[in-house]
Amino acid sequence: MAYQLDTDEDLSSGLRRCAREQLEKAVERLESRTAEDPVSAVHDARKALKRERSLLRLSRTALKPRQRRRENTRLRTIAHQLGRAREADALLDALHGLDDRYAGQLPQATIMAVRQRLAHDRDRARAELLEMEIPQRMADELRDAAARV
């Protein structure tokens with residue numbers, strides 16, 4: 001969804017509102033959808049964080065450089081902490097795509113061994129995501145970030 005500024009707000013207020021909306025969207029995804037589909041919830045939250053970071057770049061003249069760098073680093077760190085489970089899932093999807101594209105050209109025993117390893121890594125990453133309560137901790141950090149906007 002595109003950022004939309006209201007006609008009755010100044011640029012700075014509009015950018016801050018859009019930033020809060022992205023952060024709130026990320027928090028909502030992490031809190032409401034992690035139990036049913038952790039990978040999708042994390043993916044959606046990371047997309048919202050990417051949009052938030054783009055807003056930081058758009059508003060660079062409105063923020064002090066040090067403040068902008070600090071917030072960008074915090075958001076990048078949060079996205080990275082959330083990313084392991086999503087990245088493991090994406091690797092498995094990529095292998096499926098390669099297997100379909102090069103069907104019959106690769107030894108199936110090799111494909112199966114790699115698939116089993118990637119599935120194991122994905123399952124472990126998902127378990128760690130939930131056991132370490134990473135989505136909830138990151139949602140708390142994002143709430144703090146929204147309060148600073």
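The buried residues of helix 4 are covered by elements that include helix 2, helix 3 and helix 5, where contact means heavy atoms within 4.5 Å and where helices are DSSP runs of H or I with at least four residues, numbered from the N terminus. The model described here is a predicted one, in which local features need pLDDT of at least 70 and side-chain atom pairs count only at pLDDT 80 or more, while totals for chains, interfaces and linings use all residues. Residues are numbered from 1 along each chain as its sequence is written, and side-chain values use heavy atoms, with hydrogens and water left out.

Helix 4 itself has 24 residues and reaches 34 Å from its first C-alpha to its last, close to the 34 Å expected at 1.5 Å a residue, the expected span being 1.5 Å times one less than the number of residues. Its buried residues are Ile111, Arg115, Leu118, Ala119, Asp121, Arg122, Ala125 and Leu129; buried here means under 20% relative accessible area, exposed means over 50%, and partly exposed lies in between, with a 1.4 Å probe and protein chains only. Helix 4 is followed by glutamate 133, whose phi is positive, near 55°, and this residue is found in the loop between helix 4 and helix 5. Most residues other than glycine have a negative phi.

Helix 2, with 21 residues, reaches 30 Å from its first C-alpha to its last, close to the 30 Å expected at 1.5 Å a residue. The residues buried in helix 2 include Val39, Val42, Ala45, Leu49 and Leu56, together with the charged-type names Asp44 and Glu52. The buried residues of this helix pack against helix 1, helix 3, helix 4 and helix 5.

The largest nonpolar core has 24 residues, and those with the most contacts inside it are Leu23, Leu30, Leu49, Leu82 and Leu142; such a core is a set of buried Ala, Val, Leu, Ile, Met, Phe, Trp, Tyr and Cys residues joined through side-chain atoms within 4.5 Å. At least two residues of this core come from each of helix 1 (11-33), helix 2 (38-58), helix 3 (65-101), helix 4 (108-131) and helix 5 (134-148). A second, separate core of five residues includes Leu95, Ile111, Leu118 and Ala119. When residues up to four places away in sequence are not counted, leucine 82 touches Leu30, Val42, Ala45, Arg46, Leu49, Leu129, Ile134, Pro135 and Met138. In soluble globular proteins, nonpolar side chains tend to be buried together.

Aspartate 89 is placed in helix 3 and counts as buried because its relative accessibility is 13%. With residues up to four places away in sequence not counted, aspartate 89 touches Val39, Arg122 and Arg126. The C-alpha atoms of aspartate 89 and valine 39 are separated by 7.5 Å, although the two residues are 50 residues apart along the chain.

One cavity of 30 Å³ or more was counted, a cavity being a set of points, on a 1 Å grid over the protein atoms alone, where a 1.4 Å probe fits but cannot get out, and lining residues having an atom within 4 Å of a point. About 260 Å³ of space lies in the largest cavity, the volume being the space filled by probe spheres set on grid points that are joined across faces, edges and corners. Of the 17 residues that line the largest cavity, the closest to its centre are Arg16, Ala19, Leu56, Leu63 and Val149. Helix 1, helix 2, helix 3 and helix 5 each supply at least two residues of this lining, and the largest share, five residues, comes from helix 1.

Notes: 1 Å grid on protein atoms, 1.4 Å probe; cavity = no way out; pocket = protein on both sides within 12 Å on 5 of 7 lines; lining within 4 Å.
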